[in-house]
Amino acid sequence: MHYDVALQPGVLERRYKRFLADVALDDGQRITAHCPNTGSMLGCAEPGQRVWLSRSDNPRRKYAHTWEQVAMASGVRVGIHTGRTNALVFEAIAAGELIPEADGSGGIQTEVNVPNAPMRADFWLPASGAYVEVKNVTAAVSDGVAVFPDAPSERGVRHLDVLEQLVQSGTPGVLVFCAQRADVEAIRPADDIDPTYGRTLRRVMDAGVEVIGLGARVHERGIEVDRRVPVVT
């Protein structure tokens, strides 16, 4: 996935009201940007961190800039834009190499309602009938292990329940965790943040839901999913 425009560098001053961030750009401007991440952004929203933003020329937008990336103390860039995650996983499914469990040979349909369930799946794959749900992972890494979720998530637990129900009815259900950072070697449930999510994830994995971890390399021109990483429970 490549950006349509060159990113503008700056320094984060504060992130607030979930969707807003004040940034001092390197060119001297101080701007308010849209923050496309509703989570707590654990470890990724500290004042003083280096950030990169895209800019839209759409005159109808209230905030022209969108926060795309942040740098960790190690220098590793993290993609914080959750809206990019589905595009990354779509590319990976279409390529067919990293996720052979998700057969995209018959096409990939996006934002599909799961029949008789309170969930709109990110993808539906006609070749296998599989429903695929995607989760973006950005939370702070310790010894190469990233965690999800970074805040309690009733919605995430509900999605797990639906995937389990699909599998029990004979329909494939796939959960993909995508970590937009190069320092991730494994992903685990954040039991200290949301123990219910961790318990439910283990249960649905035992029930047969396919759970896949992906890692990505983030750079100034774009983001590339480049590897599988284990999901450890």
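What follows is a working chat about a predicted model.

Colleague: Which residues touch the most other members in the largest nonpolar core?

Modeller: In this predicted model, the largest nonpolar core has 26 residues, and Val89, Ile93, Ile99 and Leu214 touch the most other members. At least two residues of this core come from each of helix 1 (85-95), strand 8 (120-125), strand 9 (130-137), strand 11 (173-179), strand 13 (210-219) and strand 14 (222-229).

Colleague: And what is Val89 in contact with, leaving aside its neighbours within four places in sequence?

Modeller: With those neighbours left out, Val89 is in contact with Ile99, Phe123, Val134, Val176, Cys178 and Leu214. There is also a second, separate core of 25 residues, which includes Met119, Phe148, Val162 and Ala179.

Colleague: Changing topic, is His65 buried or exposed?

Modeller: His65, which lies in strand 5 (residues 65-71), counts as buried because its relative accessibility is 6%, under the 20% cut-off.

Colleague: Which side chain does the side chain of His65 make a polar contact with?

Modeller: That of Gln8, at 3.0 Å. Apart from neighbours within four places in sequence, the residues in contact with His65 include Leu25, Ile31, Ala33, His34 and Leu53.

Colleague: Now the helices: at what angle do helix 2 and helix 3 pack?

Modeller: Helix 2 (residues 154-168) and helix 3 (residues 195-207) pack at about 15 degrees, and their axes are 10 Å apart. Angles under 35 degrees count as roughly parallel, so helix 2 and helix 3 are roughly parallel to each other, and helix 2 passes helix 3 in a left-handed crossing.

Colleague: Which residues make the contact?

Modeller: Among them are Gly156, Leu160 and Glu164 of helix 2, together with Tyr197, Leu201 and Val204 of helix 3.

Terms used. Residues are numbered from 1 along each chain as its sequence is written. This is a predicted model: local features need pLDDT of at least 70, side-chain atom pairs count only at pLDDT 80 or more; totals for chains, interfaces and linings use all residues. Side-chain values use heavy atoms; hydrogens and water are left out. A nonpolar core is a set of buried Ala, Val, Leu, Ile, Met, Phe, Trp, Tyr and Cys residues joined through side-chain atoms within 4.5 Å. Buried means under 20% relative accessible area, exposed over 50%, partly exposed in between (1.4 Å probe, protein chains only). Helices (H or I, at least four residues) and strands (E, at least two) are DSSP runs, numbered from the N terminus. Contact means heavy atoms within 4.5 Å. A polar contact is a pair of N or O atoms within 3.5 Å; within protein, one must be able to donate a hydrogen and the other to accept it, and residues adjacent in sequence count only if both atoms are side-chain atoms. Axes are lines fitted to C-alpha atoms, for helices over the stretch in contact, and angles run from 0 to 180 degrees between N-to-C directions. Angles under 35 degrees count as roughly parallel, over 145 as roughly antiparallel, 65 to 115 as roughly perpendicular and the rest as oblique. A crossing is left-handed if the near helix is turned anticlockwise from the far one by less than a right angle, and right-handed if clockwise.
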